[in-house]
Amino acid sequence: MAEDTICLAPLRGVTGLRFRQAFQAHMTGLDLAVAPFIATVQGDRVKPEILRGIDPTVQPEGLPLIPQVIGKDARQLRVMLQAMKELGYRQVDLNSGCPWPFVAKKGRGAGLLRDEANLAAMLSAGSEELGEGNFSIKVRLGIEEKTLLEKRLPLIQSFPLREICVHPRTAKQMYEGDVDLDAFERICEKCTLPLTYNGDIRTLEDYQRLSTRFPMIKRWMIGRGIVANPFLAESIRAGKDTREMARFQVWHADIVGRYAENAPGDHALLGHLKELWSYLAPTFKQGEQIWNSLKITRTREEFERVLKLIPLQWR
């Protein structure tokens with residue numbers, strides 16, 4: 001898999017700046033990251049605080065970042081892209097895959113696929129603002145039915161996009177049920193754009209199974225799998241399990257410290273840590289015990305005490 005590209009997926013509230021900084025300080029294997037989405041705004045100006053998470057001066061070295069935008073108004077998209085270009089970014093991704101109902105029902109995220117004319121306007125605006133090969137799109141198979149993306153594919157690939165990233169579930173599925181690999185195979189057969197696969201790569205074996213079935217795919221986006229196992233990308237590179245408990249502990253202490261530096265208090269800090277451990281806990285033999293204890297903690301001291309009292313062993 002030496003020539004394959006592994007990208008960190010955008011998980012809002014999880015794979016933000018602090019996660020990327022800690023990952024790059026202690027882990028290896030990622031080629032690039034897509035930042036959690038930034039919503040378009042009304043007006044002709046984007047406030048600097050909205051772009052704080054993609055400030056290029058604080059990004060970790062060696063991990064190129066591609067910002068992601070979510071919205072449904074082409075004019076607002078242009079305003080956001082201009083602000084991102086002013087920061088030095090030349091490539092941006094369009095979120096057309098967020099499955100959350102409160103997003104999709106408003107025609108954003110996965111809901112953007114429903115309106116063909118608006119989808120075209122967004123792709124046109126992005127391609128014009130960034131130039132050929134610099135705008136990309138992340139999508140799902142559809143909203144409720146699995147054939148919507150197939151119907152929209154001719155439109156999508158009529159634009160000079162950098163790539164299309166497909167998560168082969170519908171928005172209605174959220175993250176439940178199985179990914180539809182047969183539907184993804186049909187997309188592979190019809191797609192003329194560079195294609196990235198995303199969805200349910202949780203283990204080295206998952207990657208090996210998928211890369212065997214889809215040898216034409218050389219780009220892989222992984223989110224939940226890397227949050228649950230930050231060694232996953234390098235394990236894929238090595239072709240074997242590279243997990244080390246000592247390095248995990250150092251990485252974990254670092255990310256806790258980074259979150260603490262930017263949290264106004266224990267309540268906010270624990271929000272970040274509990275979100276992180278909702279992914280991490282199932283990868284340990286004592287996962288249920290760990291999670292049940294962590295989720296009721298109220299202070300950083302209590303949280304860290306739980307992790308000291310329960311010896312960690314990977315499944």
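In which loop is the place of aspartate 200? Aspartate 200 sits in the loop between strand 9 (195-198) and helix 7 (204-213), and one of the views below returns to it. The model is predicted, so local features need pLDDT of at least 70 and side-chain atom pairs count only at pLDDT 80 or more, while totals for chains, interfaces and linings use all residues. Residues are numbered from 1 along each chain as its sequence is written, and side-chain values use heavy atoms, with hydrogens and water left out.

**View 1. The whole chain, to get your bearings.** You will find 13 helices and ten strands here; these are DSSP runs numbered from the N terminus, with helices being H or I of at least four residues and strands E of at least two. The radius of gyration is 20 Å, close to the 20 Å that the globule rule gives for 315 residues, so the chain is as compact as a globular protein of that length. (The radius is taken over C-alpha atoms, and the rule is 2.2 Å times the number of residues to the power 0.38.) Along its principal axes, the C-alpha trace spans about 55 × 45 × 35 Å. Buried residues account for 56% of the 315 residues, where buried means under 20% relative accessible area, exposed over 50% and partly exposed in between (1.4 Å probe, protein chains only). Of the contacts (heavy atoms within 4.5 Å) between residues at least 6 apart in sequence, 74% join residues at least 24 apart.

**View 2. Glutamine 68 and its surroundings.** Glutamine 68 belongs to strand 5 (residues 68-70) and is buried, with a relative accessible area of 1%. Its side chain makes a polar contact with the side chain of asparagine 95 at 3.0 Å. (A polar contact is a pair of N or O atoms within 3.5 Å; within protein, one must be able to donate a hydrogen and the other to accept it, and residues adjacent in sequence count only if both atoms are side-chain atoms.) Leaving aside neighbours within four places in sequence, the residues in contact with glutamine 68 include Pro10, Val34, Phe37, Met84, Asp93 and Lys138.

**View 3. Serine 127 in helix 4.** Look for serine 127 within helix 4 (residues 116-130). Serine 127 counts as buried at 10% relative accessibility. Not counting residues up to four places away in sequence, serine 127 touches Glu132, Phe135, Phe159, Pro160 and Leu161.

**View 4. Arginine 237 and its partner aspartate 31.** Arginine 237 is part of helix 9 (residues 232-238) and is partly exposed, with a relative accessible area of 30%. The side chains of arginine 237 and aspartate 31 are joined by a polar contact of 2.3 Å. If you also want to locate leucine 81, its C-alpha is 34 Å from that of arginine 237, and the two residues are 156 apart in sequence.

**View 5. Two loop residues with positive phi.** Methionine 174 lies in the loop between strand 8 (164-170) and helix 6 (181-190). Its phi is near 55°, a positive value in a residue other than glycine, and methionine 174 counts as buried at 17% relative accessibility. Back at aspartate 200, phi is near 60°, again a positive value in a residue other than glycine. Aspartate 200 is buried, with a relative accessible area of 15%.
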